[in-house]
Amino acid sequence: MRERIERLLAEMNIEYFTVLPYSALRESVPRIIERAAITPKTVILYLLPYYGGETVNLSRYAASRDYHLIIKEVNLRLSSLIGECFPNSVSRGYGDHSPIDERSAALVGRLGILGDNGLLINEKYGSYVFIGELITDVEPELLEASAPADVRYCHHCGACKAACPTGILSGEGDSCLSMITQRKGELSDEECRLMRKYNTLWGCDECQRVCPYNREPRLTPIEFFLEDRICELDSDTLSGMNDTDFSERAFAWRGRKTVERNLKILGK
Ligand code: B12
Ligand code: SF4
Ligand code: SF4
């Protein structure tokens with residue numbers, strides 16, 4: 001069964017995946033699974049490398065179309081494979097908005113090490129990877145699940161802590177610049193100053209940019225992340241986007257107003 005999963009994922013250029021018993025994972029938002037009407041038994045979790053080149057004022061994860069779109073596609077294909085092999089099974093796909101802490105799941109699934117920047121770092125693609133998963137009620141043994149492994153850590157060089165604009169990584173600040181750019185409402189003068197200083201309209205890559213594991217980031221082999229890229233967003237590009245184009249961007253989830261506010265802060 002593992003081989004069939006591996007083959008299916010390889011067709012989409014996905015090299016890193018793991019199969020784990022759900023009971024071994026940290027459930028961070030139990031209500032998501034309660035609402036999903038499923039008895040979760042096994043998780044098939046995979047990495048999507050997304051580095052597609054440098055960006056100007058959008059963080060690297062937000063330059064392509066919204067990664068949730070590709071996660072949905074992968075989960076649909078995985079789900080039909082599981083449905084074919086186990087006809088009465090129930091499966092649900094997740095990515096980001098998930099009942100589990102995805103980074104700790106990927107760590108115990110041997111897909112990478114934990115960086116002091118809080119991110120999963122993969123041996124080949126560094127930390128520029130998204131995590132997606134299919135949760136199913138098929139028993140772990142039937143899917144040849146692995147036992148969870150011990151977590152491994154980065155070499156604590158300190159570069160991410162030193163580079164972090166808000167100081168949150170060294171415990172000196174209480175907010176993350178990525179979060180600030182994604183918050184609705186008015187931002188403080190200090191928050192606007194940080195956005196200008198780091199020229200970021202959406203997200204923050206500072207703790208990844210300086211990390212030695214990302215020194216020579218490898219381009220993603222997944223076409224989705226290389227197409228339709230926006231590396232620098234300005235008001236003209238935004239106003240030229242119709243509602244469908246806009247809704248298919250990772251920076252859309254807080255609505256146009258939030259993006260317009262950020263453009264104004266950066267004088268774009
Ligand atoms: C909320 C959220 C955010 C928030 C809060 C971030 C945060 N640090 O929690 C904000 C908006 C700030 C954010 C920013 C970013 N995010 Co985010 N975010 C999430 C989300 C939806 C939930 C995270 C969560 O529950 N946090 C609360 C708790 C769990 O966080 P924590 O205590 O720091 O987590 C650690 C502990 O759990 C600790 N731990 C404690 N006990 C145990 C036990 C075990 C066994 C283990 C192994 C670990 C462990 O390890 C965890 C990892 O550090 C996840 C998706 C998901 N469902 O997991 C994506 C996710 C973590 N984000 C992701 C990304 C890409 C980003 C950004 C890089 C985007 C950007 N460029 O701006 C930044 C990076 C900021 C940073 N350095 O963390 C990716 C990370 C991929 C990776 N390689 O690790 C995820 C996994 C989404 C995805 N599906 O790919 N994010
Ligand atoms: S994303 Fe930016 S603000 Fe957030 S922890 Fe990393 S460097 Fe610090
Ligand atoms: S910059 Fe250094 S301390 Fe931070 S995650 Fe990378 S290796 Fe670890």
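This note walks through a predicted model, from the whole chain down to one arginine.

1. **Overall build.** Start with the secondary structure. The chain has eleven helices and six strands. Its radius of gyration is 19 Å, close to the 18 Å that the globule rule gives for 268 residues, so the chain is as compact as a globular protein of that length. Along the principal axes, the C-alpha atoms fill a box of roughly 55 × 45 × 35 Å.

2. **Burial and contacts.** Of the 268 residues, 41% are buried. Now take the contacts between residues at least 6 apart in sequence. Among these, 77% join residues at least 24 apart.

3. **Where the domains meet.** How many residues of each domain take part in the contact between them? Domain 1 puts in 19 residues, and these are in contact with 23 residues of domain 2. The side of domain 1 that touches domain 2 can be sorted by class: nine residues are nonpolar, six are polar and four are charged.

4. **Ligand 3.** Look next at the shell around this ligand. There are 14 residues around ligand 3. Gly115, Cys154, Cys157, Cys160 and Cys211 come nearest. By class, the shell divides into eight nonpolar residues, five polar and one charged. Which domains supply the shell? Domain 1 and domain 2 each give at least three residues.

5. Is arginine 229 buried, exposed or in between? Arginine 229 is partly exposed, because 15 other C-beta atoms lie within 10 Å, whereas a buried residue needs 20 or more and an exposed one has 12 or fewer.

6. **Arginine 229: neighbours.** Set aside the neighbours within four places in sequence. Arginine 229 is then in contact with Gly52, Ala63 and Ser64. Arginine 249 stands 20 residues from arginine 229 along the chain, and their C-alpha atoms are separated by 9.9 Å.

How values were computed:
Residues numbered from 1 in each chain as written. Chains lettered and ligands numbered in written order. Predicted model: local features only at pLDDT ≥ 70, side-chain atom pairs only at ≥ 80, totals over all residues. Near = placed C-beta within 6 Å. Nonpolar A, V, L, I, M, F, W, Y, C, P; charged D, E, K, R; others polar. Domains from an automatic or database assignment. Helix = DSSP H or I, 4+ residues; strand = E, 2+ residues; numbered from the N terminus. Rg over C-alpha atoms; globule rule 2.2 N^0.38 Å. Contact = placed C-beta atoms within 7 Å.
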